[in-house]
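Reader: Hey, could you walk me through this one? I'm new to it and would like to go residue by residue.

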Amino acid sequence: QGQEAAWLYLQPLFVNTSSNNRVEVIAELSVTVQAAGGQPVSFRLDELGSWEYDSATGYLSWTFVSDPAPLVVGPTAPQYPIGLFIAPPSWYWAAGRYQLTVTATRAVGGTPLRGQVTLTLTDEQVAYLNANSGGFLQVSTAPAS
């Protein structure tokens with residue numbers, strides 16, 4: 001949980017599998033989160049970054065890399081950005097199952113690329129997030145069915 005809204009760190013993977021040398025440009029990434037039985041909520045991409053491990057403390061820390069920017073995906077240049085997505089103000093994680101839809105809008109036409117995964121948060125995990133605002137919790141995702 002962030003101080004003003006929920007945070008979500010995701011790392012989608014984009015690979016160009018065409019048999020030519022053309023590149024594809026991903027102009028925008030977005031995520032929609034939907035709780036079981038709830039309304040979809042749009043998270044905005046706030047920044048791209050990386051995780052740094054501190055061997056002295058045994059903790060990971062987030063390092064800002066850039067503001068959101070187009071991604072160039074070529075036959076020999078896959079992209080796997082780590083993005084911080086932020087929920088609308090006052091929307092926070094609660095226990096339950098969520099379906100996440102990642103949408104990648106292409107710079108030049110074409111149907112947007114979409115991928116879906118699910119994640120489940122327990123009461124204990126949400127209590128941890130609420131007690132450690134600004135902290136993070138690794139949660140596994142599963143393919144959406």
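This is a predicted model: local features need pLDDT of at least 70, side-chain atom pairs count only at pLDDT 80 or more; totals for chains, interfaces and linings use all residues.

Reader: Okay, salt bridges to start. How many salt bridges does the count come to?

Author: The count comes to 2 salt bridges. In one of them, the side chains of Glu24 and Arg106 meet at 3.6 Å, N to O. That pair links distant parts of the chain: Glu24 sits in strand E2 (residues 24-35) and Arg106 in strand E7, 82 residues apart.

Reader: And how exposed is Glu24?

Author: Glu24 is partly exposed, with a relative accessible area of 26%.

Reader: Which side chain does Arg44 meet in a salt bridge?

Author: That would be Asp46, at 2.7 Å, N to O. Arg44 counts as partly exposed at 47% relative accessibility, and Asp46 is partly exposed with 24%.

Reader: Then what does the side chain of Glu47 make a polar contact with?

Author: With the side chain of Trp62, at 2.5 Å. Glu47 lies in strand E3 (residues 41-54). Leaving aside neighbours within four places in sequence, Glu47 is in contact with Trp62, Phe64, Ser66, Pro68, Ile82, Gly83 and Leu84.

Reader: Switching topic: where is Gln1 found?

Author: Gln1 is in the segment before strand E1 (7-10).

Reader: Buried or exposed, that Gln1?

Author: Gln1 counts as buried because its relative accessibility is 5%, and buried means under 20%. Its side chain reaches the backbone nitrogen of Trp93 at 3.0 Å. A polar contact of 3.0 Å also joins the side chains of Gln1 and Asn130.

Reader: Nice. Where is the place of Gly74?

Author: Gly74 is in the loop between strand E5 (71-73) and strand E6 (82-86). Gly74 is buried, with a relative accessible area of 6%.

Reader: Which residues is Gly74 in contact with, leaving aside its neighbours within four places in sequence?

Author: Asn16, Arg22 and Val23. As for Val25, its C-alpha atom and that of Gly74 are separated by 8.7 Å, and the two residues are 49 apart along the chain.

Reader: What about Tyr80, is that buried or exposed?

Author: Tyr80 counts as exposed, at 52% relative accessibility. Tyr80 is found in the loop between E5 and E6.

Reader: Which residues form a nonpolar patch on the surface?

Author: Leu13, Val15 and Tyr80 form one, with about 350 Å² of accessible area together.

Reader: Last one: what is phi of Ser90 near?

Author: Phi of Ser90 is near 70°, which is a positive value in a residue other than glycine. Ser90 has its place in the loop between E6 and strand E7 (96-106).

Reader: And Ser90, buried or exposed?

Author: Ser90 counts as exposed because its relative accessibility is 61%, and exposed means over 50%.

Definitions and conventions. Residues are numbered from 1 along each chain as its sequence is written. Side-chain values use heavy atoms; hydrogens and water are left out. Helices (H or I, at least four residues) and strands (E, at least two) are DSSP runs, numbered from the N terminus. Buried means under 20% relative accessible area, exposed over 50%, partly exposed in between (1.4 Å probe, protein chains only). Contact means heavy atoms within 4.5 Å. Patches are made of residues with over 30% relative accessible area and no salt bridge: like charges are joined within 9 Å, nonpolar side chains (Val, Leu, Ile, Met, Phe, Trp, Tyr) within 5 Å. Accessible areas come from the Shrake-Rupley method with a 1.4 Å probe; for residues, only the protein chains shown count as cover. A salt bridge is a side-chain nitrogen of Lys or Arg within 4 Å of a carboxyl oxygen of Asp or Glu. A polar contact is a pair of N or O atoms within 3.5 Å; within protein, one must be able to donate a hydrogen and the other to accept it, and residues adjacent in sequence count only if both atoms are side-chain atoms.
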